[in-house]
Amino acid sequence: ILTTNHALGCTDIICCIFFIVAIVGYVAVGILAWTHGDPRKVIYPTDSLGQYCGQGKLEKKPLLFYFNMMKCASPMVLLEFQCPTPQVCVEKCPDRTLTLVTAIAKPEDWKYYKSYCREDPGNKPMTEILQKKLCPAYLISSKPFLQRCFPSLGKKGEVITVGDQDKFNDGEKIRDAKDLVAGMKNATVVMEGRQVAMKIFEDYTKSWYWILICLLIAVVLSLIFIVLLRYLAGIMVWVMILMVIAVVACGIAYSSIKYVNLKDTAGSNITLQQLGFQPDFSVYLHIRQTWLAFIIILAILEVIIIIILIFLRNRIRIAVELMKEASRAVGYVMSSLFYPIFTFFLLTIVIAYWGITAVFLSTSSEPVYKVFNETDCPHGRQTCEPENFTISAMKTDCPRSECLFAFYGGETPYHKYLIFFQFYNVFLFFWCANFVTALGQMTLAGAFASYYWAPNKPNDMPAYPLCASLGRSLRYHTGSLAFGSLILAIVQIIRVLLEYIDHKLKGAENKFAKFLLCCLKCCFWCLEKFIKFINRNAYIMVAIYGKNFCRSARDAFFLLMRNVIRVVVLDKVTDFILFLGKLLIVGLVGIFAFFFFSGQTDAFKDAAPSLHYYWVPILTVLVGSYLIAHGFFSVYAMCVDTLFLCFCEDLERNDGSAARPYHMTTELRYILMKDADAAQTPTSRDETMQLTPPDKTMEN
């Protein structure tokens, strides 16, 4: 049957051409982004001239210093993300409190003071220095935070102090130290998100080696389970089920012990609502309510798994037999076990290209400078050019105004269409990722279908079934793969837009709009799941018959509907067993990662890296382990789905006679036709004979 691929020729050619054009456009967007973008804009602080602190000629000046922190108390800071005061890059933050008046009087202090000026004031009088804002009016003892210099505030009782003093001179008048708090808060709010991201990035740089080791452990565990499934399918399925129950039970026991031990600990009885959001997740582990939540969640999960196993115990026995048959097919196509590595490699390229392009697009704006003035000015907040600002009419009308860097933007045609490029980047990411996944599904389906439809197994199978299937998929069915992945990408991008709208409406009071949005999100989630199900089976039919996507999807859907009972009670039970296998691997690796990175075990305290947030590598390991386990177990899942669909097709096309013999093996016929008793009863002697278990001695 597979030879009909060559007879029918290429499928969905128009969509194939459209996909190629889209990829070419995607490359063009990437080139544009890489030409205009500069990731340094989100990594390094920028001075008033738009220069990056710690880069280029300012390499030895990594910190940003504000002339007048009081100006950062303005509400405009939160709108324009820039304090309306001169800012310079400095080598280190000031460690003493001085005013310009007192510094000029002492040569030693003046030499130190000039390192925080925008340029060397020379012998200019103090009034000219202040008028041109060449130097700050005062220095306050500061400490670096978020790569910026913030005043070192302290407390004496209930009084806020700076440099052990409750007051300071800003060059104009005596101020209370507490006046600095508002400015520091506004300046901090602008950078907090960036700082969390930088801490996470720093954690990755410290722990990437151990993360890779944990992921390697997940790979080894997955391979061990897959190989054992090949030879001990029946035993391994029950071992996986029992181990999942045991791992969840251990989680319940550990959470209960922590919950009891925190009973007399001070501060452990506050609620999660009172604590609020904390970027350091380790704080939550000192709260009893956190462990109580773990106990409840794990207990519910344990009960659900046990109830499902009780009700499906008979079906699981039959599913185990189907897993054994899938193991035979995998045994003849052993290279299929390593195909997920190829899929993972392609997905890594897609994700990396999308991420890099997104960063360069978001940083491809140009610096925008605006007029900042301490008094009323008709040109306030208007765009200006720092090169000729001193001789411009704006400076003439507002002598005390400054042309300072405000933010990154742009008015060129490229910047006007920047949002379109970002959308195109996200859409092509979904399309390409779905295409890679679809290619893997069709390749595996074609390889396992060649096993099923071979009259004399394995002699009539291709020499390299996986490579042959991959070649057929790319040569004849790229259009079908692009068509199916395009439909799925459209639904996914709609879901992203709905999530974006939901985020924007968080503060809205319109209950009907929230209800409607919730319904739409639910409907499109269901639609995405349905399309994935249809696509998966459509790719199997395309791999078998070589028909176009729409016809294959229709044939697969109606074939499954005619065998809906088998689909629900057998095929999905097998999926549940494989899901438990994934859950087991994630649980084992996750437990190891938790005790290692959290440092709660003496054996790992010396080896574990010092991290800001130890949940960062743990979450990475959990997600990575699931993706790895899913990749390896997806081979078995695809094998089961392919054999099941081929069986249904074989059953409708053939009757077991000499003229139209079944292509299924004797074992598979016994497994799946035995399950048919749930839906129908055989009425003929021939059908009854088919339900007799195969005689192993005769077969040998």
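**View 1. The disulfide joining C53 to C89.** C53 and C89 are joined by a disulfide with an S to S distance of 2.0 Å, a disulfide being a pair of cysteine sulfur atoms within 2.5 Å. This is a predicted model, in which local features need pLDDT of at least 70 and side-chain atom pairs count only at pLDDT 80 or more, while totals for chains, interfaces and linings use all residues. Residues are numbered from 1 along each chain as its sequence is written, and side-chain values use heavy atoms, with hydrogens and water left out. The torsion about the S-S bond of C53 and C89 is about -80°, so the disulfide is left-handed. C53 lies in the loop between helix 2 (13-36) and strand 1 (63-66), and C89 in strand 2 (residues 87-90), so the pair ties together parts that are 36 residues apart in sequence. Helices (H or I, at least four residues) and strands (E, at least two) are DSSP runs, numbered from the N terminus. C53 and C89 are both buried, where buried means under 20% relative accessible area, exposed over 50%, and partly exposed in between (1.4 Å probe, protein chains only).

**View 2. The disulfide joining C93 to C149.** The S to S distance of the disulfide from C93 to C149 is 2.1 Å. Its torsion about the S-S bond is -90°, and the link of C93 and C149 is left-handed. The pair links distant parts of the chain, 56 residues apart: C93 is in the loop between strand 2 and strand 3 (98-99), and C149 is in strand 6 (residues 148-151). C93 is buried, as is C149.

**View 3. The disulfide of C117 and C135.** The sulfur atoms of C117 and C135 are 1.9 Å apart and form a disulfide. The torsion about the S-S bond of C117 and C135 is about 110°, so this disulfide is right-handed. C117 sits in the loop between helix 5 (107-113) and helix 6 (126-131), and C135 in the loop between helix 6 and strand 4 (138-139); the pair links distant parts of the chain, 18 residues apart. C117 and C135 are both buried. The structure holds three disulfides.

**View 4. The cysteines C467 and C646.** C467 counts as exposed because its relative accessibility is 56%. C646 is in no disulfide, and the nearest cysteine sulfur, that of C648, is 9.4 Å away. With a relative accessible area of 1%, C646 is buried.
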